[in-house]
Every structure is written in structure tokens, then in C-alpha cells.
Amino acid sequence: MTSTSRRAYGVKGAPYAFLIPATALFLLFFALPIGYAIWLSFRKMQVSGLGLGSRARKEVWAGLENYTDALTDSELLNGALRVLGYGCIVVPVMLGLALLFALMLDSEKVRLAPFTRLAIFLPYAIPGVVAALLWGFLYLPDVSPFYFVLDRLGMPQPDLLDGGPLYLALSNIAVWGGTGFNMIVIYTSLQAIPAEVYEAAKLDGATPLQTALRIKIPMVAPSLVLTFFFSIIATLQVFSEPTTLKPLTNSVSTTWSPLMKVYQDAFGKGDIHAAAAQATIIALATLLLSFGFLRAANRRNKQEAAR
């Protein structure tokens with residue numbers, strides 16, 4: 001091989017060399033754990049005799065047994081239903097507030113916009129566990145200033161950590177923490193709309209409300225799809241809020257959400273094989289829902305573009 005060909009080969013191979021660190025990290029910390037979890041989901045622990053001795057417990061092939069048990073597990077299914085109800089509250093409220101705040105900040109008459117953006121976004125910077133602890137103590141009647149004020153005013157004091165209000169209490173934590181991030185995404189898209197579009201709307205006599213409904217919202221539809229996509233994934237993976245509130249109330253069980261069920265089976269019962277199967281099912285459900293939603297959104301965009 002001549003020096004010229006070696007130099008050309010080195011130039012062509014340079015991009016692949018830069019990809020080696022990222023590829024190695026991806027394989028080591030992402031692909032390998034996923035593959036290992038899938039491998040564990042097809043295994044189970046077989047106990048012989050009294051389970052005593054070094055050879056009394058051994059790992060054997062289980063096939064689809066763990067998946068069958070997971071899909072027929074009432075606790076996992078009930079947790080999925082609870083998360084569904086939780087998501088029906090969180091997603092529309094959070095995205096609705098994010099869109100409203102973004103439209104208000106994009107208004108020409110808004111004042112103190114930088115401070116307002118920071119104030120709305122700041123809760124997102126607070127870790128979820130800290131936010132859940134903060135709101136959890138605000139929900140406790142003995143220490144909450146809200147209950148103190150309601151008591152002095154002679155008003156009823158609802159128990160937000162029991163029954164139906166528990167969904168509202170958990171949803172409030174998610175909405176409080178996630179609205180700011182979604183607002184920034186939508187607000188950035190609004191800032192990218194050309195000023196000529198607004199000028200044309202003014203010349204046509206459009207009011208600020210008509211401009212928002214007929215121009216701004218349709219033009220930020222891709223951002224709304226993106227934030228909805230992220231919100232769905234975050235809802236399916238809810239874990240920190242109910243886990244943090246669990247010591248404060250008996251209404252939150254150790255299997256309140258599917259991920260809590262996975263954690264309980266893996267570290268509470270020590271059955272990592274069943275937990276791996278459940279985690280794989282949750283990941284597949286998230287993938288299918290996300291793929292289906294994105295495909296429907298792309299199909300709708302193509303139909304609108306064809307018109």
C-alpha cells in the first residue's frame with residue numbers, strides 16, 4: 001500500500017474513529033444492560049429440596065413463562081390502569097398549561113418575560129424526589145399551611161392522600177414539575193415563526209385570539225406532538241412520585257405503578273427474572289404506543305400537506 005493510499009484510507013476512516021467512544025459507551029451502558037435484561041426474562045430460578053446448599057438453587061431456561069405470568073398478574077394490570085387514569089389527568093393539563101403560558105409569553109403586551117419564563121421553568125430544575133417530598137408535606141394536614149388556613153376559615157379540609165384525590169395530588173406534582181420544560185419547547189417554536197406572518201395577519205384584521213388559534217397553534221403543531229410524545233413516555237415510567245409519597249399514606253401500595261411492581265419483585269421479593277420480563281413488557285408497550293402515535297401524527301401531517 002502506497003503512502004497516498006494509506007493517507008486516503010486514513011482520511012476515510014477518521015469519522016469512524018470518532019464514533020468509537022460513543023459507540024463503546026452506547027454498547028456498554030445501554031445495549032448490554034438491555035440485552036442482559038431480556039436474557040434474564042427467559043430464565044428462572046429452580047429450587048430443589050429445601051433450597052439449602054450451593055447446588056440447591058440453579059438458574060434454568062423458562063421460555064415464555066415469566067411473560068405469561070406477567071401478563072396475567074392482576075397487580076401489574078391494576079397498576080397499568082392506575083397509570084392510565086393518572087396520565088389522563090397529567091398529559092392534557094400539563095400540555096394545555098404549557099401552550100397557554102407559551103402563547104402568553106409570546107404576546108406583544110407581555111412584561112417581565114425573562115423573569116416569567118424562568119419562574120415557570122424553575123420547577124423543572126428541581127429533582128422529582130425533592131418535589132414529591134415538598135408537595136407531600138404540603139398535603140399532610142398536621143404540617144401543611146394550606147390546611148391551617150382552611151381550618152381558620154372554617155372550610156372543609158379534604159384528604160388529598162386518600163382515594164380519588166390521590167390521583168389529583170400525584171398529578172399536581174407532575175404538572176408542577178413538567179409544565180416549564182414543555183412551555184420552553186413550545187415557546188421556542190413560536191419564536192421561530194417569521195414576523196412577516198404576523199404582519200400579514202394584522203393587515204387582514206386578525207385579532208390576537210384569531211392569530212393564536214389560526215396561525216400560532218397550527219404552526220407549532222410539531223412541537224406539540226413532540227411534547228405529547230415525551231409526556232406519554234414520562235407517564236408510563238412514573239415511579240418517583242408515588243414511591244416518595246408512599247411513607248406518607250397507606251393508599252399508595254408498593255405496586256401502585258408498573259415500575260413500582262418491577263422494583264418490588266426485583267428487590268423486595270428477589271425475583272429478578274420476573275422483574276426483567278415485566279420491564280421488557282413495559283418497554284415494548286412504550287415503544288408500540290410511541291411508534292403508533294408518531295406514525296399517526298406523520299400520516300396526518302402528510303394529508304394536510306397534500307391538501
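This is a short tour of a predicted model, stop by stop.

**The whole chain**

Start with everything shown as a cartoon. The protein has 13 helices and two strands. Its radius of gyration is 26 Å, well over the 19 Å that the globule rule gives for 307 residues, so the protein is more spread out than a compact globule. Turn the view to follow the C-alpha trace along its principal axes. The spans are about 90 × 85 × 35 Å.

Buried residues account for 31% of the 307 residues.

Colour by charge next. There are 24 positive and 18 negative side chains. The centres of these two sets are 11 Å apart.

**The largest nonpolar core**

Hide the surface. Select Y86, I173 and W256. Within the largest nonpolar core, which has 21 residues, these three touch the most other members. Then colour α3 (74-105), α5 (128-139) and α7 (165-191), the elements that give two or more residues to this core. Which of them gives the most? It is α7, with six residues.

Stay on I173 and show its surroundings. Beyond its neighbours within four places in sequence, I173 is in contact with A131, A132, W135, Y139, E241 and L245. Contacts that reach along the chain can also be counted for the whole protein. Among contacts between residues at least 6 apart in sequence, 63% join residues at least 24 apart.

**A second core**

Select A98, A102, I120 and Y198. They belong to a second, separate core of 16 residues.

**A loop stop: L112**

Go to the loop between α3 and α4 (113-121), where L112 is found. Is L112 buried or exposed? Its relative accessibility is 64%, over the 50% cut-off, so L112 counts as exposed. Check the backbone here too. L112 has a positive phi of about 55 degrees, although it is not a glycine.

**A helix stop: S290**

Move to helix α13 (residues 272-306) and select S290. Its relative accessible area is 7%, under the 20% cut-off, so S290 is buried. S290 touches both, not counting residues up to four places away in sequence.

Note on methods. Residues are numbered from 1 along each chain as its sequence is written. This is a predicted model: local features need pLDDT of at least 70, side-chain atom pairs count only at pLDDT 80 or more; totals for chains, interfaces and linings use all residues. Side-chain values use heavy atoms; hydrogens and water are left out. Helices (H or I, at least four residues) and strands (E, at least two) are DSSP runs, numbered from the N terminus. The radius of gyration is taken over C-alpha atoms; the globule rule is 2.2 Å times the number of residues to the power 0.38. Buried means under 20% relative accessible area, exposed over 50%, partly exposed in between (1.4 Å probe, protein chains only). Contact means heavy atoms within 4.5 Å. Lys and Arg count as positive and Asp and Glu as negative; His and the chain ends are not counted. The place of a charge is taken as NZ of Lys, CZ of Arg, CG of Asp or CD of Glu. A nonpolar core is a set of buried Ala, Val, Leu, Ile, Met, Phe, Trp, Tyr and Cys residues joined through side-chain atoms within 4.5 Å.
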